[in-house]
Amino acid sequence: MLRRNRRLRSSAAIRSLVRETIISPDDFLVPIFVVEGKGVKEEIASMPGYYRYSLDLLASEAKEIWSLGLKSVLLFVKVPEHLKDNSGKEALNPNGLMQRAIKTVKDAVPEMLVMTDVALDPYSKYGHDGIVSEGKIINDDSSAILAEMSLTHAIAGADFVAPSDMMDGRIFEIRTLLEDEGFHDTGIMSYSAKYASAFYGPFRDALDSAPVDLKDIPKDKQSYQMDFANRDEAIRETLMDIEEGADIVMVKPGLCYLDIVRDIRNVVDVPVAVYQVSGEYAMLKAAAEKGWLNHDAVMMEQITAIKRAGAHIIASYFAKDVVKLIS
Ligand code: PBG
């Protein structure tokens, strides 16, 4: 034999010398759940070790995240029930929870990159990402509200807005309004290939944002999020979002969709983000709790697989766990 592949695997030193994919704190975007109140840090039942924070504790959480070497956060808010409706009005409140959360993080850690979720579901009494009318999620009116919502985030100090709603044309609407209002430097990370996935369950527990079970209201998001049987469609969606002005594109969920990640990475010239979603986090936490999987080993294998598939950016609930492990 002239070639023996095992030579390059024969010691830890040679393995690290030839390793193709290295995980660092720079890879991560840390999702944070924010709730009204004071001194609140409540664990999410289906996401062990993950919490909702009130604004006072959000400030210290942001400092801790920064001290670990993590430099970007993605904010989500749990909106009080009485503020939910079918218009998205509260989403535009300049003094709403999201707008205050942005300021809180920026005050606590001015250098932190702040991204915000843009979709109506936490504000919707029906749990939908847009406005519901006659049994449908109406596209153009929803996009218009999402653009206005994005503007309030930019005004509050968000660096990037991250529309997660999958309405058609919303990236163009958002980019146009931000430009018109002078927010040339506010970026857009588009959830471009977002699938209608059952892996979002724990997230909807965290925000109490699941679609309601009411007559004439769609019980799922399949009329706007993508069919998980589709692959070519993901490329179409992503290229359109780039044309409309997205700075960063995203594939979501993560692990079951790594074929999509690679397809997209091969055809786009903008950074690709992957969202390792709540259900992926919950599965590993549950299996580890039972002693069935080695938590840290499986976590690193999954995160590495996501980056190897082509992710430049990984939004993950494991971000702090990973960084503590590798430091
Ligand atoms: C809201 C939104 C969702 C997630 C991110 N933004 C839920 C959904 O679309 O129903 C899911 C994130 C996760 O599961 O971790 N549009």
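What you're looking at is a predicted model, where local features need pLDDT of at least 70, side-chain atom pairs count only at pLDDT 80 or more, and totals for chains, interfaces and linings use all residues. Residues are numbered from 1 along each chain as its sequence is written, and side-chain values use heavy atoms, with hydrogens and water left out.

**Overall build**
- The chain has 11 helices and 12 strands; these are DSSP runs numbered from the N terminus, with helices (H or I) of at least four residues and strands (E) of at least two.
- Its radius of gyration is 20 Å, close to the 20 Å that the globule rule gives for 327 residues, so the chain is as compact as a globular protein of that length. (That radius is taken over C-alpha atoms, and the globule rule is 2.2 Å times the number of residues to the power 0.38.)
- Along the principal axes, the C-alpha trace spans about 70 × 45 × 40 Å.
- Out of 327 residues, 54% count as buried. Buried means under 20% relative accessible area, exposed means over 50%, and partly exposed is in between (1.4 Å probe, protein chains only).

**Charged patches**
- On the surface, D140, D141, D168 and E173 gather in a patch of negative charge. For a charged patch, residues need over 30% relative accessible area and no salt bridge, and like charges are joined within 9 Å.
- A salt bridge, by the way, is a side-chain nitrogen of Lys or Arg within 4 Å of a carboxyl oxygen of Asp or Glu.
- Lys and Arg count as positive, Asp and Glu as negative, while His and the chain ends are not counted.
- D168 sits in the loop between β8 (160-163) and α5 (170-180), and it counts as exposed because its relative accessibility is 51%.
- R3, R4, R6, R7 and R9 form a positive surface patch.
- You'll find R6 in the segment before α1 (12-18), and with 68% relative accessibility R6 counts as exposed.

- T104 belongs to helix α3 (residues 97-108) and is buried, at a relative accessible area of 16%.
- T104 and L57 are 47 residues apart along the chain, with 9.7 Å between their C-alpha atoms.
- E244 is in helix α7 (residues 232-244) and counts as buried, at 14% relative accessibility.
- From E244 to I171 it's 73 residues in sequence, but 5.6 Å in space, C-alpha to C-alpha.

Definitions and conventions
Patch = residues over 30% accessible without salt bridge, like charges linked within 9 Å, V, L, I, M, F, W, Y side chains within 5 Å. Areas by Shrake-Rupley, 256 points an atom, 1.4 Å probe, with all protein chains shown as cover. Charge placed at Lys NZ, Arg CZ, Asp CG, Glu CD.
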